[in-house]
Amino acid sequence: MYRTTLKRFYTLIFSIVSTSFLVGLTIFVIKYVAEQRQTMFAQELLQTARTVADETSNKLQDLNTTLGEGACSEAKIQSMRQQLFTSRHVKEIAFYQSNKEVCNTSIGLLREPTELDITGTVLTADNELVLAHSVAVFENDYPVVLVKSDNFHVMLSPDEAVHLERPLFLWQWVYKDTENLIEMSGVKGLFQQLHNSPQTLDTMSVVVCENSSGFCVATADKLIKQFDRTTIAMIIAGILVAVVVFYYLAHILITHYYCHELRIKRGIKNKLFYPVFQPIIDLQSGDIVGCEVLARFKDKLGHLSPDEFIPIVFKSNLTIPFTRGIFKAAMSALVHQNGLPESFKVNFNIFPNDLTVTNYARLNENKEFFSSRFQLCFEITEDEPFKSASARAALKKIKEINVEVAIDDFGTGYSNLSQLQSIPLDYLKLDKSFCIGLEKNAFRAGLIPQIVKIADSLDVPVVAEGVETDAQRKILLREGVKFAQGFFFSRPITAPKLNSLMVAQATAN
């Protein structure tokens with residue numbers, strides 16, 4: 001239950017983090033796309049502004065060169081109208097004498113010369129006066145820009161000059177120098193506002209200036225307004241789909257990470273399996289004479305019991321690296337315990353399918369452990385592979401290096417007396433199921449005397465597993481069982497704890 005809850009928690013956390021990353025990435029992409037759109041629009045608008053400025057300068061230069069001298073006549077007005085006709089952006093041309101407008105292309109010769117109000121004008125690098133104001137047409141004001149050079153000025157309509165597709169965001173086109181600012185077109189005050197206010201997370205603004213011409217373009221708006229409804233719906237749908245996909249992927253990854261088989265493989269590789277030692281007791285004297293090495297597993301996800309990892313180790317063909325790892329870890333821990341005497345029995349469990357000469361050689365790579373002061377014993381469960389010729393050859397090799405052999409969980413397998421006689425045995429270990437009903441005279445408990453007789457005929461002692469009560473101990477002793485182990489005597493303990501027990505036992509004796 002705890003692991004399931006933890007898996008769901010990790011899955012949720014992974015999904016939240018992944019979705020947050022996706023949302024952040026989406027915002028980044030939206031801001032990037034918005035910035036690129038606004039920058040592209042600003043650059044196109046600046047290109048248009050350069051075109052308008054070039055045409056204006058060229059037109060004024062041509063007018064002053066060809067028509068700058070003399071009074072304003074019908075012929076001059078006609079020539080001015082011809083110049084206006086050939087212009088793309090100029091809307092009006094006016095002629096000046098003594099800084100007063102004398103005639104223009106729309107009215108012709110003025111009844112009274114008019115002096116140009118140059119308040120708020122800007123003098124450009126080309127000695128052109130630039131003035132932005134509005135013209136009333138049919139009771140509506142239209143923004144215009146007047147540009148004057150020598151005897152002529154031209155009138156431009158910035159809004160009409162901008163033939164670009166109108167964007168969804170706000171924008172403004174301005175002329176700017178070190179001291180002056182002329183708002184040419186777009187949303188008034190936007191350029192100044194962007195200079196005075198910082199950009200927020202939900203907005204995107206761009207200011208692009210061209211130093212050579214003095215023109216600047218400012219753009220800004222809420223990010224959500226940069227896209228049409230279809231695009232916004234697609235973004236929302238994409239995020240929702242991503243949430244589901246990330247949750248599904250998180251579930252797969254977390255489940256994969258929690259998979260027992262992978263945990264076990266990581267455990268063997270990273271040496272996360274560790275040994276504990278259950279004392280084996282001489283029932284007659286009550287002394288500890290040896291121990292059985294039991295494997296335990298713990299990683300950062302928690303413990304796995306032997307009932308969980310042993311079948312997986314067998315099924316995944318990891319028995320040899322698993323056994324070698326436990327063997328090496330156990331012997332490394334025991335050899336440093338000075339309280340353990342000579343010939344102290346140390347039992348290891350061996351998988352029946354590993355009983356081949358080749359696998360024996362792999363187990364025998366750490367020769368220093370086999371030559372230690374301990375009496376090693378391999379416990380092998382009776383099984384079909386146990387009866388093969390290869391298994392018997394491996395058992396012969398094991399006996400040649402003075403390692404004892406015990407049949408583990410005896411009474412649950414397939415061995416009969418004739419088969420046992422052909423195997424070089426040193427012990428028979430009773431399965432713990434025989435002790436469960438011992439006090440109630442259960443059927444299996446009644447078989448113990450027969451098993452002891454078989455062991456006596458083979459001249460091997462019996463070791464009982466799973467002893468949990470003193471009553472069980474007394475019955476086993478009465479029936480002739482020589483050794484026992486179980487929680488009644490001691491739970492599996494560490495090597496230092498086992499050493500302490502042996503020191504205390506030696507002192508008492």
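Me: Which residue in E17 is the bridge partner of Cys 377?

Reply: That would be Glu 404. Keep in mind that this is a predicted model.

Me: What makes E16 and E17 a pair?

Reply: Two strands count as paired once there are at least two bridges between them. E16 and E17 share five bridges, in the parallel sense, so they meet that cut-off.

Me: And why are E17 and E18 called a pair?

Reply: The rule again asks for at least two bridges. E17 and strand E18 (residues 427-430) have three, also in the parallel sense, so they pass. On that side, Phe 410 stands opposite Leu 430 in E18.

Me: How do you know that E17 is largely enclosed by the rest of the structure?

Reply: Buried means under 20% relative accessible area. Six of the seven residues of E17 are buried, so the strand is largely enclosed.

Me: Why is Asp 409 called partly exposed?

Reply: Asp 409 belongs to E17, residues 404-410. Its relative accessible area is 22%. Partly exposed runs between the buried limit of 20% and the exposed limit of 50%, so Asp 409 counts as partly exposed. Its backbone deserves a look too: phi is positive, about 55 degrees, although Asp 409 is not a glycine.

Me: What makes Asp 459 exposed?

Reply: Exposed means over 50%. Asp 459 has a relative accessibility of 69%, so it counts as exposed. You'll find Asp 459 in the loop between helix H14 (448-458) and strand E19 (462-464). Asp 459 isn't a glycine either, yet has a positive phi of about 60 degrees.

Me: What is the volume of the largest pocket, and which residues are closest to its centre?

Reply: The volume is about 1200 Å³. The pocket is lined by 38 residues, and those closest to the centre are Glu 292, Leu 294, Pro 306, Asn 349 and Asp 408. Elements giving two or more residues to the lining include strand E13 (288-299), helix H7 (306-315) and E17.

Me: How does the lining of that pocket divide by residue type?

Reply: There are 18 nonpolar, nine polar and 11 charged residues.

Me: How do you know that Leu 84 is in contact with Val 90?

Reply: Contact means heavy atoms within 4.5 Å, and Val 90 is among the contacts of Leu 84 once neighbours within four places in sequence are left aside. Others include Ile 93 and Thr 105. Leu 84 is in helix H2, residues 74-85. Its C-alpha atom is separated by 9.2 Å from that of Val 154, 70 residues apart along the chain.

Key: Residues are numbered from 1 along each chain as its sequence is written. This is a predicted model: local features need pLDDT of at least 70, side-chain atom pairs count only at pLDDT 80 or more; totals for chains, interfaces and linings use all residues. Side-chain values use heavy atoms; hydrogens and water are left out. Helices (H or I, at least four residues) and strands (E, at least two) are DSSP runs, numbered from the N terminus. Buried means under 20% relative accessible area, exposed over 50%, partly exposed in between (1.4 Å probe, protein chains only). On a 1 Å grid over the protein atoms alone, a cavity is a set of points where a 1.4 Å probe fits but cannot get out, and a pocket is an open set with protein on both sides within 12 Å along at least five of seven lines; lining residues have an atom within 4 Å of a point. Grid points are joined across faces, edges and corners, and a volume is the space filled by probe spheres set on the points. Ala, Val, Leu, Ile, Met, Phe, Trp, Tyr, Cys and Pro count as nonpolar, Asp, Glu, Lys and Arg as charged, and the others, Gly among them, as polar.
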